[in-house]
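Dear colleague,

I am handing over the structure below, together with some notes on what was found in it. Please read the notes with the structure open beside them.

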Amino acid sequence: MIQIDNLTQQFSNGKGIFDVTFSVEKGEVFGFLGPNGSGKSTTIRHLMGYMKPQKGQAKIKDLDAWEKQAEARSHVGYLPGEIAFIDGLTGNDFLNMIGGMQGVHNKGRRAELIEKLQFNPKTPIRKMSKGMKQKVGIVATFMHDPDIYILDEPTSGLDPLMQKVFIDLVLEEKAKGKTFLMSSHSFSEIERTCDRAAIIRDGKIVTISNIHELQSMQRKVFNVTLTKQEDVKAILASELKPEKIDDFVVQIELQGNYDTFIHILSRYHVKNISADEQSLEQIFMDYYSREEV
Amino acid sequence: MNLSLYSQMMKTNVKTFFGFGIGSAIYVTLMTSLFPMIEDNMEEIEGMMDMFPDALLRALGLETFNNYGQFISAEYYGLFYLLILGVFSVMMAIQLLARFVDRGSMAYLLSTRVSRAQVVITQILVLISGLIIIHILTFGAGFLAGEFLIETESTIAFSEFFEINFVGFLLFFAVGGYSLLISSMFNDERNAFSLAGGLTFLFYGMNMMGKIVTDIEWIRHFTPFSLYEPGKIASGDADVWLSCIILAAIGLISYILAVFIFRKRNLPL
């Protein structure tokens, strides 16, 4: 459904994307991960036909995304990363305009989505909060029932409750056989919905793998609070190689070896465990250190 | 063009169109209402005008002053009209393209099956619709005021007053054209505005300078403003057809180029 081959675009400052290659199959939810400025949006801009590739090609349903951009876009529901609306419109004005441009005249789906996301479309857009604007954008993206969704950082600005509503919406569409490309800078945002993910850094694809592989590669850090000094000493000597960060707190880094962790901890009296999410940067660091080895 | 985009753009900008149109109409009406008074005191006024340097009178189009057409050309179409419509054309042309690209909202206009060419053509039609609304209001107000406020036989002929407005419309069809062409090339709204506004100001200034300093009259060949001489249209001395053709051609070529350039360039959305 989406195919990107050796896509290259270098900007005058030397940044850009270089030989980006990946494809998204029908019915798949594909995550596109990378820190800010890594080239996610640039890649997506090529898919939407906003830029002409210097080298390579981006295709949607076998249509060249530059040469046949309007036709290619007709299959796509696009949620831009930075939502910039037109001055002076209400939510309804905006949705009417985009709906007309999409060629949708049935407002049933739109009403259903507004109901689901719970916002008032009569509000002027300039008076809306960031989250509300994001909801208007999501309705515009989903209301014409496209086959392919391209979502640039879709959950930014949404509260956790709405994030869940959004994820349910994605899963619902996925069940209908729809295809998704979703960019994000946080792993946890996409791990609940994606099948596969590509990681991009400095304009180059670092890896493309199954989401479960990425999950197992992800290291997690636990802060374990114990009650006795001798327990702290014993754990520090164990194969978990923890670090002491406070009198009674040790920090343990795990990467897949959860069994050992539970086994060892079961011998002591544990007062508290808290988990730190590993940032995407750390996942990249893992890749780089692995490449160096 | 795309009808949904057009109607929303018209809805968003209709206040601006009517604001400029009504402002222009009121000005024409006010000036027209002054004409009977001027006409009654024509001798004194002509005597007073003899004291002004010729260059100034030429610049303002005040050389002859004996009928309504020449009066309204000098008092409105030769000066304020050019400023008001110049501001309008440049401002709208920049707002309709460069602003959307600069702010990123163009991403939404280009998120559907509507092509870039269709988006630009729609925006061009919005700009032209605005110009038409303003000119209809101005022409209508001037015509009605002429009918009801002026009782002498020196009332301007309908066809000449129409020509003054029609050639004026084509002048700003051309000014809007090159402004929209600039608007289609820039990612930065302010740069586009500076260039289109600066160019318009320069063209206007060149026309003025050419009229004031007869030695450099040739520079008027390089500005579209010289093709619009409302005073001469009123006295029947202007080559209206030639002006119309050249101005329409400048506009059309600019709009076509704008569509081509916007279709082919990378957009930072």
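**Where the two chains meet**

In this predicted model, 32 residues of chain A are in contact with 30 residues of chain B, contact meaning heavy atoms within 4.5 Å. Residues are numbered from 1 along each chain as its sequence is written, and chains are lettered from A and ligands numbered from 1 in the order in which they are written. Local features need pLDDT of at least 70, side-chain atom pairs count only at pLDDT 80 or more, and totals for chains, interfaces and linings use all residues, while side-chain values use heavy atoms, with hydrogens and water left out.

The size of an interface is often given as the accessible area lost when the parts come together. Here the area buried between chain A and chain B is about 2,600 Å², with 57% of it given by carbon and sulfur atoms; buried area is the accessible area (1.4 Å probe) that two parts lose on being put together, summed over both. Of the area that chain A buries against chain B, A:Tyr50, A:Arg73 and A:Met101 supply 28%, more than any other three residues.

Between chain A and chain B there are 15 residue pairs in polar contact, both residues being at pLDDT 80 or more. A polar contact is a pair of N or O atoms within 3.5 Å; within protein, one must be able to donate a hydrogen and the other to accept it, and residues adjacent in sequence count only if both atoms are side-chain atoms. On the side of chain A that touches chain B, helix H2 (69-73), strand E6 (76-79), helix H3 (91-102) and H5 each supply at least two residues, and the largest share, 7 residues, comes from H3(A). Helices (H or I, at least four residues) and strands (E, at least two) are DSSP runs, numbered from the N terminus.

**Salt bridges**

The count between chain A and chain B is 2 salt bridges, a salt bridge being a side-chain nitrogen of Lys or Arg within 4 Å of a carboxyl oxygen of Asp or Glu. In one of them, A:Asp93 pairs with B:Lys11, the closest N and O atoms being 2.9 Å apart. A:Asp93 lies in helix H3 of chain A and B:Lys11 in helix H1 (residues 3-40) of chain B, so the pair joins two chains. A:Asp93 is buried, at 13% relative accessible area, whereas B:Lys11 counts as exposed at 52%; buried means under 20% relative accessible area, exposed over 50%, and partly exposed in between (1.4 Å probe, protein chains only).

Within chain A, the side chains of A:Asp145 and A:Lys178 meet in a salt bridge at 2.6 Å, N to O. A:Asp145 lies in the loop between H5 and strand E7 (148-152) and A:Lys178 in the loop between helix H6 (160-175) and strand E8 (179-184), so the pair ties together parts of chain A that are 33 residues apart in sequence. A:Lys178 is buried, with a relative accessible area of 7%, and A:Asp145 is partly exposed at 43%. Both belong to a network of salt bridges that also links A:Arg109, A:Glu112, A:Glu173 and A:Lys176.

**A buried loop residue**

A:Ile86 is found in the loop between E6 and H3 of chain A, and counts as buried at 7% relative accessibility. Not counting residues up to four places away in sequence, A:Ile86 touches A:Met97, B:Met9, B:Phe100, B:Ser105 and B:Leu109.

With best wishes
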